[in-house]
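Thanks for coming. I will go through one model today, chain by chain, and then look at where the chains meet.

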Amino acid sequence: MNMLIAVFREVAGLFVDDGSLALAILAVVVFAGVLATLMPDFPLAAGAILLLGCLGVLLANVILATPR
Amino acid sequence: MDSWVHIGPATTAVFLASLVEAVEALTIVLAVATVRGWRPAGLGALAGLALLILIVVLLGPLLDRVPLHLLQLAIGVLLLMFGMRWLRKAILRSAGVIPLHDEAVAFAAETAQLREQARLRDARLDWLAGLTSFKAVLLEGLEVVFIVIAVSAGRGLLIPASAGALAACLLVVGVGFIVHRPLARVPENTLKFAVGVMLSAFGMFWTGEGLGVSWPGEDLAIVAFAAMFLAVALVAVIIVRRPSAKAFS
């Protein structure tokens, strides 16, 4: 049982180490998805949001994770 | 050329990621072998490998039944989360915010724990040692399996991606057998940095494709994404660097 829990934790941990990073990535993807649905003629707008959003999330998360 | 744009980075990413995971698994298997001998260490490792192969065999055909669009989106998001998680950790380690992973320390800790278990309950120790080895191979191997499946899904890259993983594992096992100690000199954080950049780039590409985005330059966009993730990561290291930190140790 302990082994199963450890495996489950490890699988979840593959994707979620810092919860705020995972949530922020999902938020960017959802936002880009909504944009792609609302503006199907401008798919690159969703692509730009996705790209810039993820790069911004990475930078912000690293800065916030650093103790001042 | 189209396929090489995918095969090259995909196989390289899998090779480097597998190198990191194999080094970590080898450290624990070596610790088990040092304390209890090769029998429980080897049997545990083989059992872990067998379970990993079973997971790939069962999961691989199932993925073929998922619509490509949905598969790209799901795998893309998971790759983004996985790759950016590695990249974040590599940035923080490069900047000296969190300590570097040290295989020698991990080996010493695992060995000490096994010796303590030996002192307390010797009769069950072979079983516990085998289980430790099994768990190490299974848990580290799960990451390799995910990366292999993720970079190859829907692209027909299962064979080159698996070959990259196998080559890395064989290399680590071969060197491990020769030197007979943890591979502490492998520049693990540099590898994690590179893999994080590449997996994030793949994740970006496939998430966009899954959302219906036609990236300019098509597959070549992956290279541009990798360059952008690398640039932002390097900027992040500079911004948060601690005075004593050595970059990319």
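How many helices and how many strands does chain A have? Chain A has 3 helices and 0 strands, where helices (H or I, at least four residues) and strands (E, at least two) are DSSP runs, numbered from the N terminus. Some housekeeping on what you are looking at. This is a predicted model, in which local features need pLDDT of at least 70 and side-chain atom pairs count only at pLDDT 80 or more, while totals for chains, interfaces and linings use all residues. Residues are numbered from 1 along each chain as its sequence is written, and chains are lettered from A and ligands numbered from 1 in the order in which they are written.

On confidence, the predictor gives the complex an ipTM of 0.86 and a pTM of 0.79. Chain B averages a pLDDT of 83, and 90% of its residues score at least 70; pLDDT is the predictor's confidence in each residue, from 0 to 100. Among the elements of chain B, the lowest mean pLDDT, 75, belongs to helix α4 (residues 103–120), and the highest, 94, to α8(B).

Back to chain A. Of its 68 residues, 26% are buried. A residue is buried if 20 or more other C-beta atoms lie within 10 Å of its own, exposed if 12 or fewer, and partly exposed in between, with C-beta atoms placed from the backbone.

Take helix α2 of chain A, residues 19–38. Its 20 residues should span 28 Å at 1.5 Å a residue, and the end C-alpha atoms are 28 Å apart, which agrees. The expected span is 1.5 Å times one less than the number of residues. The buried residues of α2(A) are A:L21, A:A22, A:I25, A:V28, A:V29, A:A32 and A:A36. Seen down the axis of α2(A), these fall within an arc of 125°, so they line one face of the helix; the arc is that of the directions from the helix axis to the C-beta atoms. An α-helix has 3.6 residues a turn, so residues three or four places apart point the same way. The face of α2(A) turned away from the buried side carries exposed residues, including A:L23, A:V30 and A:L38.

Now chain B. There are 8 helices and 0 strands, and 51% of the 249 residues are buried. In α7(B), 22 of the 23 residues are buried, so this helix is largely enclosed by the rest of the structure. From first C-alpha to last, α7(B) reaches 32 Å, close to the 33 Å expected. B:G212 follows α7(B), and its phi is positive, near 95°.

What do the chains share? 32 residues of chain B are in contact with 31 residues of chain A; contact means that the C-beta atoms, placed from the backbone, lie within 7 Å. On the chain B side, α3 (68–94), α5 (125–152), α7 (188–210) and α8 (221–240) each supply at least two residues. The largest share, 12 residues, comes from α3(B).

Last, the core. The largest nonpolar core has 99 residues, and A:C54 and B:V29 have the most contacts inside it. A nonpolar core here is a set of buried Ala, Val, Leu, Ile, Met, Phe, Trp, Tyr and Cys residues joined through C-beta atoms within 7 Å. Helix α1 of chain B, residues 2–36, gives the largest share of this core, 19 residues. Leaving aside neighbours within four places in sequence, B:V29 is in contact with B:A41, B:A45, B:S133, B:A136 and B:V137.

How values were computed: Contact = placed C-beta atoms within 7 Å.
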